[in-house]
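Trainee: Could we go through this model together? I would like to begin with one residue and then move on to other parts.

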Amino acid sequence: MVDLSVKKEKLFLKNPIMTASGTFGYADEFEDFIDVSRLGAVVTKAISLKPRPGNSWNRVIEVTSGMINSIGLENVGIEKFISDKLPVLRKKNIDFVVNLAGSGMDEYVELARICDANKIHAVELNVSCPNVKSGCLEFGTDARTLGELVKSVREVYNGCLIVKLTPNVTRIEDIALAAQENGADAVSAINTLKGLGMKLSFKNGKFYREQVIGGFSGMAVKPVALGVVNRLKSVLDIPVIGLGGIASMQDVLEFFAVGADAVQIGTANFTTPDISVRIIDELSAFMEENGFRTLEELKAVLRHFSPR
Amino acid sequence: MTIEKLKKMNKGKVTHIERVANEMFLIKIKTAPDFSSKPGQFISILCDGHTMRRPFSIMNFAKGNCSTAPDYGVISLLFKKKGDGTAYISALKVGDTVDFIGAMGNGFSLNNEKILLVGAGVGVAPVYYLKKYLNDAPRLIAGFQNADEIPACLKDEIDFISTDDGSGGGQGKGSIIDFLEEEIREYQPDRICVCGPHIVLKLTSEIAKAHDIPCEVAMEKTMACSIGVCRGCVITLNKNGKLENASVCKDGPVFLGEEVVW
Ligand SMILES: Cc1cc2nc3c(=O)[nH]c(=O)nc-3n(C[C@H](O)[C@H](O)[C@H](O)COP(=O)(O)OP(=O)(O)OC[C@H]3O[C@@H](n4cnc5c(N)ncnc54)[C@H](O)[C@@H]3O)c2cc1C
Ligand SMILES: Cc1cc2nc3c(=O)[nH]c(=O)nc-3n(C[C@H](O)[C@H](O)[C@H](O)COP(=O)(O)O)c2cc1C
Ligand code: FES
């Protein structure tokens with residue numbers, strides 16, 4: 001048996017394969033496809049203080065090697081999460097991270113306080129959602145504001161504090177450093193890119209247009225994500241969780257090669273609902289076959305080739 | 001974790017594929033023995049090179065003890081070629097593997113009421129399944145644009161056909177909606193089940209309501225996950241004055257027409 005565990009600073013995972021927020025619901029939905037308790041961790045759909053209905057227009061459209069979503073953070077709200085979803089996750093032995101989306105500083109702090117009171121081991125601050133008008137994106141695009149947010153949350157939250165970064169900024173290093181300096185335990189990157197997906201058709205002398213403006217994800221964004229993780233690793237000491245376009249074990253190895261400590265699988269869960277556990281199986285078989293006893297050994301070899 | 005619960009990841013083999021109307025195809029897929037489904041449920045097919053699976057209503061699925069019947073364990077789908085995904089499926093050959101998830105969603109209610117089934121275009125597929133499931137008891141009516149759009153494989157199984165331009169022959173000229181009042185008067189159904197374009201669902205639901213007949217509508221919405229997690233396929237329901245979201249893939253695709261906010 002190979003050792004797939006990740007132990008770095010405050011990031012403890014039984015294996016490095018997590019599932020990304022918004023692509024895995026509250027985990028129980030995937031029980032028809034996989035044994036969810038095998039995952040390194042499941043990151044929940046973003047949770048806000050009050051339930052949100054989400055956006056009312058067309059929410060998803062496919063684009064080349066990816067998709068655009070404009071969900072608008074539809075979710076059940078923290079109260080219902082704590083009463084209905086949390087007991088299920090715990091009972092089923094699922095390791096999880098709660099993704100938090102506030103509409104202002106106070107709301108993030110309140111959410112984190114509630115998570116702390118409920119002994120939730122890890123939260124991921126969604127400071128980077130492109131689909132809601134007020135709130136979270138502003139925190140993710142300004143280093144000083146983000147620093148203040150992380151500091152305030154840190155004061156009330158004792159578990160593992162992950163900050164999820166948006167790629168839609170000029171210098172992501174500055175934002176990430178602000179998170180680190182103010183007490184973040186890890187960062188995850190990337191959230192979706194801003195995009196517009198369109199389908200035009202011409203029928204009976206008339207054009208028809210379908211479009212969705214929102215977050216771009218899926219295989220097509222992997223090079224952006226790899227680039228970001230590579231840049232983050234050159235400035236940060238805290239762990240970096242890499243995500244964006246991962247759809248195979250090969251992709252995971254590439255993220256390790258640029259220094260990712262763990263990874264999350266997002267859109268690929270839609271294409272192949274059992275992809276996450278398949279990658280865990282492939283990774284452990286690969287390590288077994290090729291004489292890597294621990295994940296750290298594998299990562300060390302991969303990083304040796306990592307560009308600087 | 002039981003095997004039973006993990007079985008929604010499926011692979012099947014194409015046993016038959018045929019063009020049955022203008023740009024419309026019938027495909028039959030042999031499934032694993034443990035597959036089961038109900039009318040109104042759908043499967044989502046992985047199309048090579050595509051991020052989003054494409055959902056299709058099951059048009060028939062023969063299960064039961066007749067394991068020697070030719071279509072035992074075979075899913076039939078009726079689909080219209082629209083874009084790249086359906087073009088990929090239409091190009092599949094007998095013997096090819098189909099990667100699909102399902103059966104997904106909740107189907108129509110199944111009971112021995114007197115049911116009027118209404119299909120429009122390719123939407124005839126799931127209501128046809130309901131007819132077969134209930135041993136041909138319900139009455140099935142369907143509308144198509146013109147004669148070229150009527151699937152040859154179903155022509156003789158539909159009790160009444162209308163075509164927009166009358167090219168379908170003796171039966172009806174006009175939208176299937178134009179014949180609904182008359183059908184209701186004559187057939188006196190306890191329930192109406194309908195699938196087709198949005199406007200057909202909405203109008204059928206309104207007419208049913210005017211006659212105080214419960215109406216079940218099979219909705220469509222672009223899907224990213226088909227399993228209820230992405231919230232991409234959400235519609236609004238009005239449940240006794242309270243608005244709430246429902247996903248077409250998991251909470252539907254069949255809803256009570258009177259609850260849908262159109
Ligand atoms: C529950 C459900 C059951 C369905 N059952 C059937 C069926 O039995 N037979 C059938 O022919 N079609 C059915 N559809 C529609 C079918 O899924 C789409 O026609 C198909 O996904 C189009 O894919 P494409 O790549 O060929 O077209 P694209 O190039 O992706 O798009 C062509 C057009 O198809 C429509 N479309 C695209 N994706 C979807 C989608 N996921 N859901 C609905 N519409 C979409 C859009 O209006 C788009 O403009 C069903 C849809 C749903 C949600
Ligand atoms: C439908 C959908 C919903 C998402 N919702 C959230 C969310 O609620 N919170 C969040 O932090 N990220 C959300 N994301 C972003 C993903 O977690 C991930 O960062 C992004 O999709 C890139 O990874 P991928 O290419 O593997 O999907 C969502 C993505 C998708 C496709
Ligand atoms: S398609 Fe994802 S929730 Fe319905």
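**A residue, a ligand and a sheet**

Mentor: Let us begin with A:Ser70, which sits in the loop of chain A between strand S6 (66–69) and helix H1 (78–91). Please keep in mind that this is a predicted model.

Trainee: Is A:Ser70 buried or exposed?

Mentor: A:Ser70 is buried, because its relative accessibility is 2%, and the cut-off for buried is under 20%.

Trainee: And which side chain does the side chain of A:Ser70 make a polar contact with?

Mentor: Its partner is the side chain of A:Asn55, at 3.1 Å.

Trainee: Changing topic, how many residues surround ligand 2?

Mentor: There are 22 residues around ligand 2, and the closest are A:Ser21, A:Lys164, A:Gly218, A:Gly245 and A:Thr267. By class, the shell comprises 14 polar, 6 nonpolar and 2 charged residues.

Trainee: Which atom of A:Gly245 lies 2.7 Å from an oxygen atom of ligand 2?

Mentor: It is a backbone N or O atom of A:Gly245. A polar backbone atom of A:Gly266 is 3.2 Å from an oxygen atom of the ligand, and for A:Asn99 a polar side-chain atom lies 3.0 Å from a ligand oxygen atom. Of the 610 Å² of accessible area that ligand 2 has on its own, the protein covers 98%.

Trainee: What about chain B: in which order do the strands of the open sheet lie?

Mentor: The 7 strands follow the order S4-S3-S7-S1-S2-S6-S5, with antiparallel pairing. Strand S4 (54–57) and strand S5 (60–61) of chain B are the edge strands, each pairing on one side only.

Trainee: How many bridges join S1 to S7 there?

Mentor: In chain B, 5 bridges join strand S1 (residues 9–21) to strand S7 (residues 97–104). B:Asn10, for instance, has B:Phe100 in S7(B) as its bridge partner.

How values were computed. Residues numbered from 1 in each chain as written. Chains lettered and ligands numbered in written order. Predicted model: local features only at pLDDT ≥ 70, side-chain atom pairs only at ≥ 80, totals over all residues. Heavy atoms only, no water. Helix = DSSP H or I, 4+ residues; strand = E, 2+ residues; numbered from the N terminus. Buried < 20%, exposed > 50% of the residue type's maximum accessible area, 1.4 Å probe, protein only. Polar contact = N/O pair within 3.5 Å; in protein donor to acceptor, adjacent residues only side chain to side chain. Pairing = 2+ DSSP bridges. Near = heavy atom within 4 Å. Areas by Shrake-Rupley, 256 points an atom, 1.4 Å probe, with all protein chains shown as cover. Nonpolar A, V, L, I, M, F, W, Y, C, P; charged D, E, K, R; others polar.
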